[in-house]
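The following note concerns the model shown below. The points are arranged by topic and may be read in any order.

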Amino acid sequence: MKRKFLSLLMVATMAAGMLVGCGGSSDQAADTAKDTKTTEAAAEDTEAPAADAVTLNVAYMPNYGSLWSIENAIEQGYFEEEGITVNLTEFQDGPTIIAAMESGSIDVGYIGQGAHTLCIKGQATIFALSHISNGDALIGGEGITKVEDLKGKKVAYSSGTSSQDILVNSLESAGMTMDDIEAVDMDASAIVTAMLSGGVDAAATWSPNSLKILEEVPNATKLTDNLTFSDKTVSLASWICMPDYAKENKDVLVRFTRALFKAMDYAATEHQEETAALVAKQIASDQETVYEQHGDAEWLTGKQVSEGAADGTVEGYYELQKQNFIDAGAVEVDPPVSDYVLLDVMKEAGEY
């Protein structure tokens, strides 16, 4: 397009010279050529320098919430626009992703609610809010229809994740603690099997595990989900990196986040079936199962997150989250949100 524009400009300039001089002199031709070169140089000078190409190792979890934005950022060419190549690696939970970052095998990754405790403790830095989740649930098996029925029962959960968060909140709502149940800490991928086999009486987990349990366990009952506690807490999903990586690679994080934000604008309220197809392909699942997960969150646009970072809304979300973790005893420190959440990256990334 640039070359076409410059060619037209040259033709127009030469035509003007011909009209004035009726064929013109060699001096006029020289002046015209000089003017054209000056115009070309000025046009080239106004072009922004190309960003350095970078390849990022990115951690995700096998569900719609983890992949909804990044898959669209790849598919729509937003990462390509930023000079970013993405290598995706699957993990089952946030703490494992953070451990992989600490080892150096992962550059950036996605986490759910529970792993935010590690960010508050300084082990990782949040650079982008993904969405407000409603994908966590506490589910009772046969004969368990309310939280109080869990007393003395075996309840599966994954420590350090949003699974533990929803379980603790649920127990507190019924005046109970972890001491009132037989808590069985297990890997997230094993929770569904434990419920299907009857090895546990209830489970705290997230989508799509929660959807599979409700569908396949006879008489299973959803006891609580994130919205149960929406009046006093918020369940967030975020993109993170190591603190040192954030200090050394702010430009890369802004570019990565800008691509995500454009994808979020694209898929927050539309293109959800298309998104489900992309996610299903990545995790080798069927599109219908993945599409069922599109109701698991309040999907925010990139503009909403960027504007929220500027007006204090996003900081308020993370402050509420932190205070709830403190009240629950999950963290014993109280740093300012700005110590571990890069609001400036979100604000800058929204300038597109």
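This is a predicted model: local features need pLDDT of at least 70, side-chain atom pairs count only at pLDDT 80 or more; totals for chains, interfaces and linings use all residues.

How many nonpolar, polar and charged residues are there in the lining of the largest cavity? The answer is given under point 2, after a word on the basis of the values.

1. Basis. Residues are numbered from 1 along each chain as its sequence is written, and side-chain values use heavy atoms, with hydrogens and water left out.

2. Cavity. A search of the whole structure returns 1 cavity of 30 Å³ or more (on a 1 Å grid over the protein atoms alone, a set of points where a 1.4 Å probe fits but cannot get out; lining residues have an atom within 4 Å of a point). The largest cavity holds about 260 Å³ of space, the volume being that filled by probe spheres set on the points, which are joined across faces, edges and corners. Its lining counts 27 residues, and Asn63, Tyr110, Ser133, Asp136 and Trp206 are the closest to its centre. By class, 10 of the lining residues are nonpolar, 14 polar and 3 charged (Ala, Val, Leu, Ile, Met, Phe, Trp, Tyr, Cys and Pro are nonpolar; Asp, Glu, Lys and Arg are charged; the others, Gly among them, are polar). At least two lining residues come from each of helix H3 (64-75), helix H5 (94-103), E4, E10 and strand E11 (297-299) (DSSP runs numbered from the N terminus: helices H or I of at least four residues, strands E of at least two).

3. Pocket. The largest pocket contains about 300 Å³ of space (a pocket is an open set with protein on both sides within 12 Å along at least five of seven lines). Among its 17 lining residues, Pro208, Asn209, Lys212, Ser285 and Thr289 lie nearest the centre. Helices H8 (188-197) and H9 (209-216) each supply at least two lining residues, and H9 gives the most, with 5 residues. The lining of this pocket has 7 nonpolar, 6 polar and 4 charged residues.

4. Aromatic pairs. There are 6 aromatic pairs (Phe, Tyr and Trp rings, the six-membered one for Trp, with centres within 6.5 Å; planes under 30 degrees apart are stacked, over 60 edge-to-face, the rest tilted). The pair Trp239 and Phe256 is edge-to-face, because the ring centres are 5.7 Å apart and the planes lie at 65°. Trp239 belongs to strand E10 (residues 236-241) and Phe256 to helix H11, so the pair ties together parts 17 residues apart in sequence. Trp239 is buried at 1% relative accessibility, and Phe256 is buried with a relative accessible area of 1% (buried: under 20% relative accessible area; exposed: over 50%; partly exposed in between; 1.4 Å probe, protein chains only). Phe79, Tyr110, Phe127, Trp239 and Phe256 form one aromatic cluster.

5. Helix H14. In H14 (residues 302-311), the residues Gly302, Val305, Ser306, Gly308 and Ala309 are buried. Seen down the helix axis, the buried residues of H14 fall within an arc of 160°, so they line one face (the arc is that of the directions from the helix axis to the C-beta atoms). The face turned away from the buried side carries the exposed residues Glu307, Ala310 and Asp311. Just after H14, Gly312 has a positive phi of about 100°.
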